[in-house]
Amino acid sequence: MYTTFNRNAQRKHRHLRIRAKVKGTASRPRISVFRSNKFIYASLIDDSCHKTLCSSSSAKLGLENPSNCEAAKAVGKDLAAKALALNVKEVVFDRSGYLYHGQVQALAEACREAGLVF
């Protein structure tokens with residue numbers, strides 16, 4: 001399928017495969033994760049209305065080191081607090097083609113500890 005090794009193209013291909021199965025609704029929105037080289041972003045999305053309910057990022061939080069697991073935990077706690085303020089307790093987790101390891105895992109566990117149910 002791919003003639004040269006392109007890590008991001010392969011991630012996007014995995015993301016499309018995941019998105020075919022994972023859907024967010026008004027009662028159970030989707031947490032979408034994006035990692036850049038510098039920051040980590042997470043959004044709470046209602047796919048039935050195509051609306052972003054809330055979002056959080058390590059860029060907005062103004063952390064000292066915005067690209068490590070501690071930053072991902074802070075983003076997860078912040079997103080969970082915003083979700084609970086919107087009366088959202090159950091969510092679907094979309095890892096966007098990334099491995100469930102490191103920053104993605106830290107973000108998911110922080111959301112769970114703050115009260116969200118996956």
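Here are a few friendly notes on the pocket and the strands of this predicted model.

1. A word on conventions. Residues are numbered from 1 along each chain as its sequence is written, and side-chain values use heavy atoms, leaving out hydrogens and water. Local features need pLDDT of at least 70 and side-chain atom pairs count only at pLDDT 80 or more, while totals for chains, interfaces and linings use all residues.

2. The largest pocket holds about 340 Å³ of space. A pocket here is an open set of points on a 1 Å grid over the protein atoms alone, where a 1.4 Å probe fits, with protein on both sides within 12 Å along at least five of seven lines; the volume is the space filled by probe spheres set on the points. Its lining has 14 residues, and Arg7, Arg11, Arg14, Arg35 and Tyr98 are the closest to the centre. Lining residues have an atom within 4 Å of a point.

3. Where does the largest share of that lining come from? Helix α1 gives four residues, and both α1 (7-19) and β1 (30-35) supply at least two. Helices are DSSP runs of H or I with at least four residues, strands runs of E with at least two.

4. Strands β1 and β2 pair antiparallel over six bridges, pairing being at least two DSSP bridges. Ile31 stands opposite Leu44 in β2, and four residues separate the strands of this hairpin.

5. Strand β2 (residues 40-46) also joins β3 (residues 51-57) by six antiparallel bridges, with Ser43 partnering Ser55. In their hairpin, His50 has a positive phi near 55 degrees.
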